[in-house]
Amino acid sequence: MRSNLILFLFLLSFFLFDCESQPHRQGQILYQNFCANCHMDDGSGLAGNIPPLAQSDYVSQNQGQLACIIRNGMEGQVVVNGKTYQNPMAGIPQLSEFEIANILNYINQAWENDYGYLPLKTVRENLERCKQ
Amino acid sequence: MAYEQIPDFTFIGQDSNLVTNATFSGKAYVADFFFTSCPTICPIMTRNMLKIYERFQDSTQLLLLSHTIDPKRDTVGRLHQYAHNLGVSSDKWFFVTGNKDDIYEIADDYFNVVIEDPTLPAGFDHSGRLVLVDPQKHIRAYCQGTDSVAVEKFMEDIETLLDEI
């Protein structure tokens, strides 16, 4: 009986600690593989040349555009936290809708960002828009 | 025994100024190879170069030298903008372009490999070493520019060299 209880608590700890601390595991891995080279592990970007994703007004206010930016890249000027950036970003066309959603949901809660949750359905709709 | 030295060079800096071996006369410098539109290792290397810049900002004995390996796209204007965006001083950290063959050849002297490879997304294959050169143009230390632990150690090597000169 006692050993069952210990086993139960042990398994429970997986849910309590593992899931809590790693809610966006695939998104995090994809971020590290596809985004972190430029935007850095801590989302801070590169001074003046690559905009931050951590504590970024642009990310917070343009949730509907982000999926298309990941897929198709971005050119021209963009103002983030009052600073102008103009280096082009290459798109990552090989990522699926699901993977893009996972990356965005990782970014939305990483580094003390609190930008909400984007359901797959919303990401899919946003991606439809950039096809046109 | 004579040690290998970095051969003489002439490049153009971000202020359209000539940057030659004489620019580094009597000083130590850290050299690397990068390009501004690089989506792979360069931003992390540049961030680590920036760390070195900040730590040794007040030392008149240390300069930094970044060569573009993409002289076609990285014009002087573009390098100027890039350096300006980083907020670094153009008499401390030189961003240079020049004849492509000259850059690729001198990369070899700095233990860096640079190859144009159109099959790669960015078009180049290159190693991301940061290299420390002393006033006699001898290489005294190097590290992988993407490895922040190695870069920390490298900065200690810089301290050691600066104490010596």
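In helix α3 (residues 100–109) of chain B, the residues B:Ile103, B:Ile106 and B:Ala107 are buried, a residue being called buried if 20 or more other C-beta atoms lie within 10 Å of its own, exposed if 12 or fewer, and partly exposed in between, with C-beta atoms placed from the backbone. They cover an arc of only 115 degrees around the axis, which puts them on the same side of α3(B); the arc is that of the directions from the helix axis to the C-beta atoms. The model is a predicted one, in which local features need pLDDT of at least 70 and side-chain atom pairs count only at pLDDT 80 or more, whereas totals for chains, interfaces and linings use all residues. Residues are numbered from 1 along each chain as its sequence is written, while chains are lettered from A and ligands numbered from 1 in the order in which they are written. Helices (H or I, at least four residues) and strands (E, at least two) are DSSP runs, numbered from the N terminus.

On the other side of α3(B), B:Asp101 and B:Asp108 are exposed. The buried residues of this helix pack against three strands of chain B, namely β3 (28–34), β4 (62–68) and β6 (114–116), where two residues are in contact if their C-beta atoms, placed from the backbone, lie within 7 Å. Just after α3(B), B:Phe111 takes a positive phi of about 60 degrees.

Positive phi values also occur in loops. In chain A, phi of A:Trp111 is near 50 degrees, a positive value in a residue other than glycine, and A:Trp111 lies in the loop between α6 (97–109) and α7 (120–131). With 14 C-beta neighbours inside 10 Å, A:Trp111 counts as partly exposed. In chain B, phi of B:Lys137, likewise a residue other than glycine, is positive and near 70 degrees; B:Lys137 is found in the loop between β8 (129–133) and β9 (139–144), and is partly exposed, with 17 other C-beta atoms within 10 Å.

The axes of α6(A) and α7(A) come within 9 Å and cross at roughly 115 degrees, where axes are lines fitted to C-alpha atoms, for helices over the stretch in contact, and angles run from 0 to 180 degrees between N-to-C directions. The helices α6(A) and α7(A) are therefore roughly perpendicular to each other, since angles under 35 degrees count as roughly parallel, over 145 as roughly antiparallel, 65 to 115 as roughly perpendicular and the rest as oblique. The crossing of α6(A) with α7(A) is right-handed, a crossing being left-handed if the near helix is turned anticlockwise from the far one by less than a right angle, and right-handed if clockwise. A:Glu97, A:Phe98, A:Ile100, A:Ala101 and A:Leu104 of α6(A) make the contact with A:Leu120, A:Val123, A:Arg124 and A:Leu127 of α7(A). By class, this contact has seven nonpolar, no polar and two charged residues; Ala, Val, Leu, Ile, Met, Phe, Trp, Tyr, Cys and Pro count as nonpolar, Asp, Glu, Lys and Arg as charged, and the others, Gly among them, as polar.

Helix α7(A) also meets helix α5 (residues 63–72) of chain A, the two axes coming within 8 Å and crossing at roughly 60 degrees, which makes α5(A) oblique to α7(A). This crossing, too, is right-handed, and the contact is made by A:Gly64, A:Ala67, A:Cys68, A:Arg71 and A:Asn72 of α5(A) and by A:Val123, A:Asn126, A:Leu127 and A:Cys130 of α7(A). The residues of the contact divide into five nonpolar, three polar and one charged. A:Lys121, also found in helix α7 of chain A, is exposed, with 10 other C-beta atoms within 10 Å.

In chain B, the axes of helix α1 (residues 42–55) and helix α4 (residues 148–164) come within 11 Å and cross at roughly 30 degrees, and α1(B) and α4(B) are therefore roughly parallel to each other. The helix α1(B) passes α4(B) in a right-handed crossing, with B:Asn48, B:Lys51, B:Ile52 and B:Arg55 of α1(B) in contact with B:Ser148, B:Val151 and B:Met155 of α4(B). This contact has three nonpolar, two polar and two charged residues.
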